[in-house]
Amino acid sequence: MKLSSVKYLTKEGFRNTWANRLMSVASVGVLVACMVAIGLAILISENAKLALGNLEKQNVVMAYMKDYTWAFYSDNAKDAKPADSSSKEKADKNGIKSSDYVIHTKEEAELLCSEIEQLDNVESVEYISGEEGLKSMKEGVLKDQEQYFSFLDEKYGNPLSGAAKITMKNMEYFDATLEKIENMEGIDVVQSHGDLAEKISAIKNGLAIAGFWIISILMIISLVIVSNTIRITMYSRKLEISIMKAVGATNSFVRIPFIVEGVLLGVISAVLSEGILYFCYRVATEAITKTLGTTDIIMYSELAPVLFMIFVGIGIVAGVVGSAIMISKYLHKEGSEFAAI
Amino acid sequence: MSGQSVDITSPEANGKPVIEFKGVSKTYQNGTHALNDINITINQGEFVFVVGSSGAGKSTFMKLIMREEKANTGTITVNGFKLNKLKRKNVPLLRRTMGIVFQDFRLIPKMNVFDNVAFAMHVVGASGREIRREVSKALSAVGLGDKARSMPNELSGGEQQRVGLARALVNHPDLIIADEPTGNVDPNMSYEIVSMLTAINKQGTTVLMVTHDHSLVRDFKHRVIMLDGGRIVADNAAGGDD
Ligand SMILES: Nc1ncnc2c1ncn2[C@@H]1O[C@H](COP(=O)(O)OP(=O)(O)OP(=O)(O)O)[C@@H](O)[C@H]1O
Ligand SMILES: [Mg+2]
């Protein structure tokens, strides 16, 4: 196609939009509403994901090890190692021999930790010795409870085994990973909030599905709106189209101004939506940070380019597809037939 | 304009055939037999009146030439295009070899005279400079050189039809097709329009015009094809009385 035609057709597209301005304004309005709704859906779900992610990070698993304390507190010590011939070693004052437990030294404990760390779904592992555990527990509890723990400690020794503090990568595989850890040699019990993990991944899936449907439905609405506008423009310009066809315009020549119009509507709506969202989001986040004191909110600028691309994309797709649908309905008509519609 | 070969069947006055119908019939979807077994040749440079009573099939005949309708049987050749073999996407190429004048003028109300004519050139991708030059020439040719900036509703019926004529001429077609171009204008203006068509014809353009106006047919001595009930009932080379 020649440059002069491209210029002419683009101008015609703008002229269509302007000549039809009441309809254009109405459809831009509906498109903006759709895009803002899509944008809100994205912003809300991204923030929800962030919050859930933070929650997940706090969802640690404590795997307690079979060390001295374990032997001391459990009856397992006795049946773990039946008195056999090799038991020449002496029991200590509590009657526990070194062969009664699995993890003997800090090195062995750390080796176990690194084994856990090698599991696929494990994000990080931190070794917490019994002493550290007790210390943080004393810090975390109330005054009289602290006295209780100190009393226990003085009388019987530290009641806590060493533990591996584990965070996982993906909560979907939480249970499977948990089972692997539980079955490891040297692990006694695993303490977790599996139900929380389950809920979080259920919410995440729910969000993804809801987002998909919201966006699909709004996309379809956008498409219908744009094609309807194009239909009205075509109708109002049927005389021109019939003359164009009579003097030998190709179908693509007739088509282009309408596609330009559709794309123009989409792009205008995209710009407006971006602006409206920016404004609303700022107001909303300011209010939220003030009242809740959280600063863990996604900055609009992080998502702005993506949103803008999505909006322009919707605009272009709606413009091209919407006008194509209507045009193909009309363009089969020839010259005077077209004028008679 | 078109470069396809055509068999020369009738070595008539002005040259090779522009329009050829061989055994053409047209039956509309609803069963109306609009045309039956039409055989006719129109040569380059001829001026032909198509006459006949209402419903005789005149408009159908014109629509077959423009390829707005397709024949059911027979073959039609126009400006070298074999219409029964012409693909839909090539119809625009056929249309560019002809200029069409409508009974109802078909001017775009919100465009001025100049733009209404220029429109036909934009469609074929002409440049801005070409458009300015050719539109001015075409408007002068129909005597409307000073009305370029007028809007259609500021013109008389006859003037509007001259704009329609300028639009049909502006791309220099080989063939002018006009279905009752004088149907909506007063008798004086009708004469003027046919005079203009005659002048264009003198320069070698073939003109095919449907009319109900007997005085036009009588006064302008051109070939007359008369249709009745979908058949050609008369074909007088030199016009004249009914
Ligand atoms: N699109 C159509 N569908 C069905 N029948 C049609 C159609 N167009 C024309 N006809 C019929 O075909 C016949 C010929 O019509 P046509 O329009 O060719 O006549 P005409 O000679 O141009 O008449 P007029 O002088 O009134 O314009 C008529 O019986 C008409 O009713
Ligand atoms: Mg007719």
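These notebook entries concern the interface between chain B and chain A in a predicted model.

**Conventions.** I number residues from 1 along each chain as its sequence is written, and chains are lettered from A in the order in which they are written. I note that local features need pLDDT of at least 70 and side-chain atom pairs pLDDT 80 or more, while totals for chains, interfaces and linings use all residues, and that side-chain values use heavy atoms, without hydrogens and water.

**Confidence.** I looked up the model scores and found ipTM 0.80 and pTM 0.68. For chain B, the mean pLDDT (the predictor's confidence in each residue, from 0 to 100) is 89, and 92% of its residues reach 70 or more. I marked residues 1-13 of chain B, where pLDDT stays under 50. Where pLDDT is low, the predicted coordinates should not be read in detail.

**Extent of the interface.** I found 23 residues of chain B in contact (heavy atoms within 4.5 Å) with 23 residues of chain A. The buried area (accessible area, 1.4 Å probe, lost on putting the two parts together, summed over both) is about 2,200 Å², and carbon and sulfur atoms give 57% of this area.

**Salt bridge.** I looked for salt bridges (a side-chain nitrogen of Lys or Arg within 4 Å of a carboxyl oxygen of Asp or Glu) and recorded one between the two chains. Lys110(B) pairs with Glu240(A), their closest N and O atoms lying 3.2 Å apart.

**Side of chain B.** I then listed the elements giving two or more residues to the side that touches chain A: α2 (91-95) and α3 (113-123) of chain B. Helices here are DSSP runs (H or I, at least four residues), numbered from the N terminus. The largest share, four residues, comes from α3(B).
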